[in-house]
Amino acid sequence: MTDTTNPYNMPDDRGHFGPYGGIFIAETLIPAVEELQAAYDQYMTDPEFIAELDKDFQHYVGRPSPLYHAERWSKELGGAQIYLKREDLNHTGAHKINNTIGQILLAKRMGKKRIIAETGAGQHGVATATVCARLGLECVVYMGAVDIARQALNVYRMQLLGAKVVPVTSGSKTLKDALNEAIRDWVTNVDNTFYIIGTVAGPAPYPAMVRDFQTIIGREAREQCLTQAGKLPNALVACIGGGSNAIGLFHPFIDDADVKMFGVEAAGDGIETGRHSAAICAGRPGVLHGNRTYLIEDDDGEIIETHSISAGLDYPGVGPEHAWLNDIGRAEYVSVTDDEALEGFHALTKLEGIIPALESSHAMAYTLKLAPTMKNDEIIIVNLSGRGDKDMHTMAEREGIKI
Amino acid sequence: MSRLETVFADFKKSGHKALIPFITAGDPNPEFTVPMMHAMVEAGADIIELGVPFSDPMADGPVIQRASERALAHKMSLRRTLKIAAEFRLTNQSTPVVLMGYANPVEAMGYKVFAEAAGKAGVDGVLTVDLPPEEASECAELLNAHGIDQIFLLAPNSTESRIKKMDAVGSGFLYYVSVKGITGAGHLDTADVEKKLQLIRANTNIPVAIGFGIKEAETAKTISAFGDAVVVGSALISKIEANLDNPEVAKQEIVDLLQSMRTAMDNQV
């Protein structure tokens, strides 16, 4: 269990969360991550940088995002009081912008003129294209050909914003392959290129750096909950692909030992079918994309194709800090299927008039199970990490409707 | 002394430059690899690099990616690659074999089990692209205990202090990646390589092999003068890819290319 006498302080100075994390990268990238680490160390303690970041959070992203008491849904479920952290109301419609705003400010200070990113659902790609447009930087986004087909709207958004979207046709043509291709670009153009990774994975310092930009979610939620409800929540719920929205919510609560944390992975068609993306629930530790973490792989260590109805969760790994929080028992990792996620999607849409992203719908689906097991005066904060507009085509197709 | 150290010590005395071909184990099919290895030795190869296929080869260009995919389609794996190395050893006890691949198959097998199995298979070196010295100590120690060298990389942007670090932790040889980029890249600048090798030579006595972007005999000749060995990979695998219907033709074309490189490298003026 967590040591309650010492405040949580991970990773170590080599970017390790216990056995997880680290810098498992090719030699050519070593100078790049060393340069990034130095810049990150310098600017995260620089009051001018922090002030600029705070200003952008407030005036460009639209922070703080509300903590909304979903009274009707809470009543319907008859258990805990459900509060939604409204990251869906951020500019560009998801939590992803918190991180891209932070990284682009770093890139600017480091003098990098070219930005690359990978994207799955397209939310991170849009968030990256957005900040690049704002600063006038060249932006190249790698996206799996399969994801391009199922997220056409976001592809168009990125193009409107001036980004070049490069289809990735190797491997399974999804998020993991987009990461491979972005890493290949980075190795080739390492001198002038800044790689904005979209989740809490990759070589150190990315997992800690992306987390630190995303913890604005949990810091706000903690304060808002204390103000609005007069006490801390009893439980936190967030969906997990790589896990950046989850760690952003969880991290500021880690030392609050009584606050339970639930990370919800995508069970796709069901874990027993093998068609899922639940790395912690059904994977084992290995090394991919620069870090050691739980992976979905076969006995020989080859990565297996994953599945989820939500492109943003369709990834065979998970951020290394989640692997660590799982192993030490500080957070609990569960999974819900595509069908369950759809129930969560409809529940929130019909009862609260909020259409969640399919990714966030996984957190809603677990809340459907958790809330009724809790008392009326207990509180759950659910991270509503993104809005569902981008998923209209997927939903309509699923329900046999042509739009 | 390890087999790699012995070989390079001999070469240093005679001025011989080593030729190191790379092929992916199991490409285009598992039966192709061992006879190809023997044929490459006949054609003048001094050390053989055997690629271990991986589903996500992040440092490789399209040619080697597709080689990996073809091998994986035949269920090639790290364990089966070790079997190939062992089979090669049955009739060749002198040519060093270096495995080149990614960390995850080794992690999945377990460092200890892998080191033992690689030792038994007669493997001499292991180059794991995504295992820099920062993360390699546990694996390297276990490999060394079985007489195997962990091969580390240097890159065009490696600093002097980084080269010194590699001198401290490296053994067997150091692999200098001659371009910033992925395997099979097309923009090799020999003047840059020469300059960088001077810096590397000034900071380490470990033999240096140079690879990435070396496609034909003249480049092999030029580059080999700067280091102790040249590595050629994508150019060979392109021959396999161009002759998928007829692997015997690929084999002959690979032999021809290696022979032309060997001849050119042996005729330094």
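The model is predicted: local features need pLDDT of at least 70, side-chain atom pairs count only at pLDDT 80 or more, and totals for chains, interfaces and linings use all residues. Residues are numbered from 1 along each chain as its sequence is written, while chains are lettered from A and ligands numbered from 1 in the order in which they are written.

The interface comes first. 33 residues of chain B are in contact with 28 residues of chain A, contact meaning that C-beta atoms, placed from the backbone, lie within 7 Å. On the chain B side, helix 5 (103-109) gives the most, with 6 residues. Helices here are DSSP runs of H or I, at least four residues, and strands are runs of E, at least two, numbered from the N terminus.

Next, the core. The largest nonpolar core has 225 residues. Such a core is a set of buried Ala, Val, Leu, Ile, Met, Phe, Trp, Tyr and Cys residues joined through C-beta atoms within 7 Å; buried means 20 or more other C-beta atoms within 10 Å of the residue's own, with C-beta atoms placed from the backbone. B:Val230 is one of the members that touch the most others. Beyond its neighbours within four places in sequence, B:Val230 has contacts including B:Leu19 and B:Ile20.

Last, strand 2 of chain A, residues 20-24: 5 of its 5 residues are buried. Strand 2 of chain A pairs antiparallel with strand 1 of chain A over 2 bridges, where pairing requires at least two DSSP bridges. Within strand 2 of chain A, A:Tyr20 is the bridge partner of A:Phe17.

Note on methods
Contact = placed C-beta atoms within 7 Å. Buried ≥ 20, exposed ≤ 12 C-beta atoms within 10 Å, placed from the backbone.
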